[in-house]
Amino acid sequence: MEKKNENDVPETLHGMTLGNIAEACGGTYIGAKEQEEQEITGAVTDSRQVKTGYLFIPIRGARVDGHDFIPQVFEKGALAVLSEHKLENPAGPYILVDSSAEAMKKIAAFYRSQLTCKVVGITGSVGKTSTKEMIASVLSQHYRVLKTEGNFNNEIGLPLTIFKIRAEHEVAVLEMGISDFGEMHRLASMSRPDIGVITNIGLCHLENLGSRDGILKAKTEMFDHLQPKGTVILNGDDDKLSTKREVNGKPVVFYGMDSDSGFGIEKSIYATDVKNLGLKGMQAKIHTPSGSFTVQIPIPGEHNVYNALAGTAVGLALGLSLEEIRKGIAGVKTIAGRSNILHVNGMTVIDDCYNANPVSMKASIDVLAHISGRRIAVLGDMAELGADERELHHGVGDAIAQSGIDALFCAGPLAKEYADAAAANPTCDIHYFAARDEMIPQLLDYVKAGDNILVKASHSMEFPEVVQALKDEFGCS
């Protein structure tokens, strides 16, 4: 909801007059001269979200063309619209552009240049969203924070997030996801981070990026668009990231487990005395140049210690006290599909089915392995792994075999590799299905009170349907 002033007039976006917007995106303003100096109150691509004073940006999709909704958005109070073609008798002004999607990116970059708030940009192969949540939780102890919501981390979602930044916000925490070379250049040129965080270089989007070296190259495109005095914060336990000792003439801030990573770097923020508390989370002692503190992280998995370290590094960079940082870490919340723990009629379901890759899959299996009671992994295919996809799925199956979990339910063409490799452990009860919908009824018959169930797959496998089936069958408390 937009902040209202004393006259109940929506707050405008500073400097975002229609004339400035047209100039920023290289478009042509068409409309009443007196409206050219009016500032918009927001910008969206969804006609249902239009409010008084908004700029509507129509995007051509595979099924829907946003231009078809231009008459309706003027009825809802839009100040103006973009358009890729001339409009006949529009109900308000519009800006004629070659491409609405490209114009939106240029407009977002212009708006970012008007902002005084600090921007934290986050990327990495694994853990972007959970790290973003951790950093936002820490910074919210001291600042008014806007963060990326949902999966708004691409070339459509990022500009829409930037348009939500208002004068009240002191820090924006922006997640940036890519799958090909050049995308990070475009994202970072819009966000222009004051602080850039990279969580790790894993095995994601190999179809386009080829190798971990390719992923490193693509992710670090961010460095070209940092603010002049920008700070880079990297996972010092990652063999690829640890090679980036200096960025734009400024030393990198490294974080990780223990003080020595074996890569010949100094980690200024590191964790010791790490304890796995099962579903209650993790406990660790975090060391910083300003002192140390012990904290319980309320989300399970060792990877969340890394998230806490990244949150600590960003908090220190923006002047927070150690107690503020500790409170932010201890108060972090999970979100649906990201290690979200549900209680279903005496069973514990770990809903981690938003996305998957070999690193995150193994981390989630490790979480499951540390829980007492019967442990069941419900897994689907991992997408976009390139030529080595079968080998990488087999490697996850090896991890299942070594983990000691009690049962595996898996579905999908590539998931057969999980089952084949997991068979090396004769005590693991293995159930393979060609398709998710074949698996669900068998899973519902198998599970019982006291079970711990991990549900995880790439987004394209639509495994939230598995979680929903468990909730529908047994209820959710």
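Me: Rings of Phe, Tyr and Trp (its six-membered ring in the case of Trp) pair if their centres lie within 6.5 Å, and planes under 30 degrees apart count as stacked, over 60 as edge-to-face and the rest as tilted. Which residues do ring pairs link into a cluster?

Reply: A quick note first: this is a predicted model, where local features need pLDDT of at least 70, side-chain atom pairs count only at pLDDT 80 or more, and totals for chains, interfaces and linings use all residues. Residues are numbered from 1 along each chain as its sequence is written, and side-chain values use heavy atoms, leaving out hydrogens and water. The cluster that the ring pairs link consists of F409, F433 and Y446.

Me: Does F433 count as buried or exposed?

Reply: Buried means under 20% relative accessible area, exposed over 50%, and partly exposed in between (1.4 Å probe, protein chains only). F409 has 1% relative accessibility, so F409 is buried. The value for F433 is 14%, and therefore F433 also counts as buried.

Me: Now to helix packing. How is helix 4 oriented to helix 9?

Reply: Two packed helices are described by the angle between their axes and the distance between the axes. Axes here are lines fitted to C-alpha atoms, for helices over the stretch in contact, with angles from 0 to 180 degrees between N-to-C directions. Helix 4 (residues 128–139) and helix 9 (residues 303–317) have axes 8 Å apart, at an angle of about 45 degrees. Since angles under 35 degrees count as roughly parallel, over 145 as roughly antiparallel, 65 to 115 as roughly perpendicular and the rest as oblique, helix 4 is, relative to helix 9, oblique.

Me: With which residues is T131 in contact, leaving aside its neighbours within four places in sequence?

Reply: T131 is found in helix 4. Its relative accessibility is 1%, so T131 counts as buried. Leaving aside those neighbours, the contacts of T131 are I122, T199, N307 and A310.

Me: What is the handedness of the crossing of helix 9 and helix 10?

Reply: Helix 9 packs with helix 10 (residues 322–330) at about 145 degrees, with axes 10 Å apart. A308, T312, G315 and L316 in helix 9 meet L322, I325 and I329 in helix 10. A crossing is left-handed if the near helix is turned anticlockwise from the far one by less than a right angle, and right-handed if clockwise. The crossing of helix 9 and helix 10 is right-handed.

Me: How many residues in the contact of helix 14 with helix 15 are charged?

Reply: The axes of helix 14 (residues 436–446) and helix 15 (residues 464–474) come within 10 Å and cross at roughly 30 degrees. R436, M439, I440, L443 and L444 in helix 14 meet E465, V466, A469, L470, E473 and F474 in helix 15. That contact divides into eight nonpolar, no polar and, for the charged class, three.

Me: Is D273 buried or exposed?

Reply: D273 lies in strand 14 (residues 269–276). Phi of D273 is near 55 degrees, a positive value in a residue other than glycine. The relative accessible area of D273 is 52%, so D273 is exposed.

Key: Helices (H or I, at least four residues) and strands (E, at least two) are DSSP runs, numbered from the N terminus. Contact means heavy atoms within 4.5 Å. Ala, Val, Leu, Ile, Met, Phe, Trp, Tyr, Cys and Pro count as nonpolar, Asp, Glu, Lys and Arg as charged, and the others, Gly among them, as polar.
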